[in-house]
Amino acid sequence: MKITAATRALTALAQETRLGIVRLLVKVGPSGLVAGQIALRLKLAPATSSFHLSQLTQAGLIKPSREGRSIRYSPVLSTIGELLAFLEENLSGGPTEKLVAKTSAKSAPKGAAKGAPAKKKAARKSR
C-alpha cells in the first residue's frame with residue numbers, strides 16, 4: 001500500500017463513528033449491510049450515516065452496491081488487510097516499539113522489570 005492510500009484510510013478511520021462503521025461491517029463480513037441497518041445498529045441519523053459512509057467509500061475501506069432502492073455497504077477486506085500490513089511493516093521494530101518498551105519499563109513498579117527483588121521481598125515477609 002502506498003503512503004497516500006494509507007494516509008487516506010487512516011484519516012477516515014480517525015473518527016469514532018467511521019471506525020465504528022468499519023468495525024461493524026468487518027464483524028458482519030463480506031455480505032455487508034444496507035445503509036439503514038448500519039444507521040439503526042449504530043443509532044445514527046440517516047444524514048450522519050450517509051456522510052460517514054461516503055467518507056469511508058472515498059477512502060476505499062467500504063464499497064457500495066445498489067439493491068433496489070437500498071445501498072448495501074461491504075468492507076473491502078483486501079484494503080483493510082493492506083492497511084494492517086502497511087502499519088506492521090512501517091511501525092514494528094521501529095521507534096514506536098522502542099518508545100512503548102521504554103514507557104512500559106518506566107510505568108512498571110521498581111523491581112518488577114527484574115522480577116527477582118520483588119520475589120525476595122515477598123519471601124522475607126512470609127517468614
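Reply: Gladly; below we take the labels one by one and set each against its criterion. Please keep in mind that this is a predicted model.

Me: Let's start with the layout. Which elements does the protein have, and in what order do they run?

Reply: There are seven helices and three strands. Starting at the N terminus, they follow the pattern α-α-β-α-α-β-β-α-α-α. Buried residues account for 27% of the 127 residues. Of the contacts with a separation of 6 or more, 55% join residues 24 or more positions apart.

Me: What makes β1 and β2 the edge strands?

Reply: The open sheet has the order β1-β3-β2, with antiparallel pairing. β1 (33–34) and β2 each pair on one side only, and that makes them the edges.

Me: Why is K43 called exposed?

Reply: The cut-off for exposed is over 50% relative accessible area. K43 has a relative accessibility of 78%, so it counts as exposed. K43 sits in the loop between α3 and α4. Its phi is near 55 degrees, which is positive although the residue is not a glycine.

Me: Why do the buried residues of α1 line one face of the helix?

Reply: The buried residues of α1 are A6, A9, A12 and L13. Viewed down the axis of α1, they fall within an arc of 130 degrees, so they line one face. On the other side, I3, T4 and T11 are exposed. The buried residues of α1 pack against α2, α4 and α5.

Me: Why are α1 and α5 described as roughly perpendicular?

Reply: The range for that label is 65 to 115 degrees. α1 and α5 pack at about 105 degrees, with axes 10 Å apart; the pair is therefore roughly perpendicular. From α1, I3, A6, A9, L10 and L13 meet L83, F86 and L87 of α5.

Me: And why do α2 and α4 get the label roughly perpendicular?

Reply: Their packing angle is about 70 degrees, and their axes are 10 Å apart. The label covers 65 to 115 degrees, so α2 and α4 are roughly perpendicular to each other. The contact involves T17, R18, I21 and V22 from α2 together with F51, H52, L53, Q55 and L56 from α4.

Me: What makes a group of residues a nonpolar core, and which residues have the most contacts inside the largest one?

Reply: The members must be buried residues of nonpolar kinds, joined through side-chain atoms within 4.5 Å. The largest such core here has 21 residues, and I21, L25, I38, L56 and L61 have the most contacts inside it. At least two core residues come from each of α1 (3–13), α2 (16–28), α3 (35–41), α4 (46–58) and α5 (77–91). Leaving aside residues up to four places away in sequence, I21 touches I38, L42, L44, H52, L53 and L56. As a general background, nonpolar side chains tend to be buried together in soluble globular proteins.

Key. Residues are numbered from 1 along each chain as its sequence is written. This is a predicted model: local features need pLDDT of at least 70, side-chain atom pairs count only at pLDDT 80 or more; totals for chains, interfaces and linings use all residues. Side-chain values use heavy atoms; hydrogens and water are left out. Buried means under 20% relative accessible area, exposed over 50%, partly exposed in between (1.4 Å probe, protein chains only). Helices (H or I, at least four residues) and strands (E, at least two) are DSSP runs, numbered from the N terminus. Contact means heavy atoms within 4.5 Å. Two strands pair if DSSP finds at least two bridges between them. The arc is that of the directions from the helix axis to the C-beta atoms. Axes are lines fitted to C-alpha atoms, for helices over the stretch in contact, and angles run from 0 to 180 degrees between N-to-C directions. Angles under 35 degrees count as roughly parallel, over 145 as roughly antiparallel, 65 to 115 as roughly perpendicular and the rest as oblique.
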